[in-house]
Amino acid sequence: ACLLLKKPLDKKYYEYKELSEFDEFGQRKKKSRYEYSKEQQNALELQRMADIERILSKSTLSRITRKGPENPAQAMNSMIGLRPVKRRMKEMVARMKFEQEERKHGTHTQHPEARHMVFFGSPGTGKTTVARILTTFLYRYHYIRENKIIEVDGNFLKAGTASDTATKVRYLIARASGGVLFVDEAYSLLDKGNGCGAEAIATLIKEMEDRRGSFILIIAGYTNEMKALLEANPGFHSRIKEYIEFPDYSPAELRDIFRSMAQDNGFAIEGSAYDVFDERMEKEKKMHSFGNARTVRNVLDETLDRHALNIMNHAIPDEARYMITSKDISAFVNKNRI
């Protein structure tokens with residue numbers, strides 16, 4: 001029946017689409033004044049669902065949706081560095097607790113409404129991790145209904161056309177209803193292409209107003225690029241009140257991250273190896289690709305490869321099998337990498 005009706009329904013489908021919107025479960029909420037036969041409604045609904053599946057499949061949606069940590073306070077305290085970020089998080093949590101107590105006493109009856117946020121700073125400084133931690137806190141103190149965060153990047157919001165992009169963004173926000181939508185590298189929406197980035201921005205801003213209080217948006221990225229994004233549309237500044245800067249890690253903090261990552265892999269680190277690591281980090285910082293904790297992870301992976309080879313070649317004794325030595329860490333940066 002759907003195939004037979006497809007051609008004559010084309011006009012009605014777009015009419016139907018314009019007069020509908022998604023509810024908090026991603027289902028159609030009809031606003032049309034026009035009457036459709038049961039057969040037409042079924043065909044239109046099948047066509048709409050096929051349209052959504054083409055733009056954003058259920059398997060993809062499942063992959064990008066996750067929960068915050070079970071113990072957010074422990075997760076926050078275990079993060080290395082980020083003192084100003086932790087301080088701001090503690091202030092936010094303190095206010096959440098305060099308002100919860102006020103509601104219990106009946107002195108603050110207004111439903112809590114969390115604010116949309118901007119996270120900005122260099123890559124690899126824990127923005128995604130902090131977003132997950134905040135998600136659990138927001139859920140615990142009833143600012144959101146579900147411990148749920150949908151994680152995407154700016155390019156993900158764009159579809160093949162401006163129309164598909166608007167549909168994709170609206171549907172993502174509908175699915176994020178009751179939780180958090182986290183958009184990393186949000187500055188990539190400032191494209192020079194087919195207008196999909198501009199459409200995504202316009203749709204985000206409209207939904208932030210239309211669905212105020214039903215979800216929390218966190219957009220994140222590099223400092224200068226995020227400044228350009230926010231200045232590109234004044235709607236962001238009027239709807240976002242929370243701005244959190246993520247500082248680069250100090251040399252001592254980079255060491256701590258290296259040690260923590262190594263321990264997670266079952267390795268200890270020889271004292272003299274840190275000197276080589278420090279030398280390597282100084283060179284990495286001068287590279288455009290430097291990514292704080294991400295760079296540390298890459299150096300550790302490279303180090304473990306060299307360590308395995310050194311063990312196989314008997315360059316270090318077998319009793320140092322789980323000890324990273326100065327011979328395992330290269331002080332040189334690969335200049336040929338892209």
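Start by selecting T165, which lies in helix α8, residues 162-176. This is a predicted model. T165 counts as buried, at 0% relative accessibility. Show its contacts next.

**Helix α10**

Move to helix α10 and select residues 223-232. Which residues of this helix are buried? They are M226, L229 and L230. Turn the view until you look down the axis of α10. The buried residues fall within an arc of 95 degrees, so they line one face of the helix.

What do the buried residues of α10 pack against? Colour these elements one by one:

- strands β4 (116-121), β7 (216-221) and β8 (240-246)
- helices α9 (196-210) and α11 (235-239)

**Aromatic pairs**

The structure holds four aromatic pairs. Two of them are stops on this tour. Select Y187 and Y222 and show their rings. The ring centres are 5.3 Å apart and the planes are at 35 degrees, so the pair is tilted. Where do the two residues sit? Y187 is in the loop between β6 (180-184) and α9, and Y222 is in the loop between β7 and α10. The pair therefore ties together parts that are 35 residues apart in sequence. Y187 counts as buried, at 17% relative accessibility. The cut-off for buried is under 20%. Y222 counts as partly exposed, at 30%.

Next, select F258 and F277. This aromatic pair is stacked, with 4.3 Å from centre to centre and 15 degrees between the planes. F258 lies in helix α12 and F277 in helix α13 (residues 273-284), so the pair ties together parts that are 19 residues apart in sequence. F258 is buried, with a relative accessible area of 0%. F277 is buried too, and its relative accessible area is 0%.

**Along α12**

Stay in helix α12, residues 251-264, and select I257. Is I257 buried or exposed? It is buried, with a relative accessible area of 8%. Show what I257 touches: not counting residues up to four places away in sequence, the list is I80, Y249, A293 and V296. I257 and G81 are 9.2 Å apart in space by that line, yet 176 residues apart in sequence.

**A cavity to finish**

How many cavities of 30 Å³ or more does the structure hold? There are two. Go to the second largest cavity, where about 40 Å³ of space lies. To find the lining, select P123, K127, D184, E185, G221, Y222 and R294. Y222 is the residue from the tilted ring pair with Y187. What is the make-up of this lining? Its residues divide into two nonpolar, one polar and four charged. Colour the lining by these classes to end the tour.

Key: Residues numbered from 1 in each chain as written. Predicted model: local features only at pLDDT ≥ 70, side-chain atom pairs only at ≥ 80, totals over all residues. Heavy atoms only, no water. Helix = DSSP H or I, 4+ residues; strand = E, 2+ residues; numbered from the N terminus. Buried < 20%, exposed > 50% of the residue type's maximum accessible area, 1.4 Å probe, protein only. Contact = heavy atoms within 4.5 Å. 1 Å grid on protein atoms, 1.4 Å probe; cavity = no way out; pocket = protein on both sides within 12 Å on 5 of 7 lines; lining within 4 Å. Points joined across faces, edges and corners; volume = space filled by probe spheres on them. Nonpolar A, V, L, I, M, F, W, Y, C, P; charged D, E, K, R; others polar. Arc of directions from axis to C-beta. Phe/Tyr/Trp six-rings, centres within 6.5 Å; stacked < 30°, edge-to-face > 60°.
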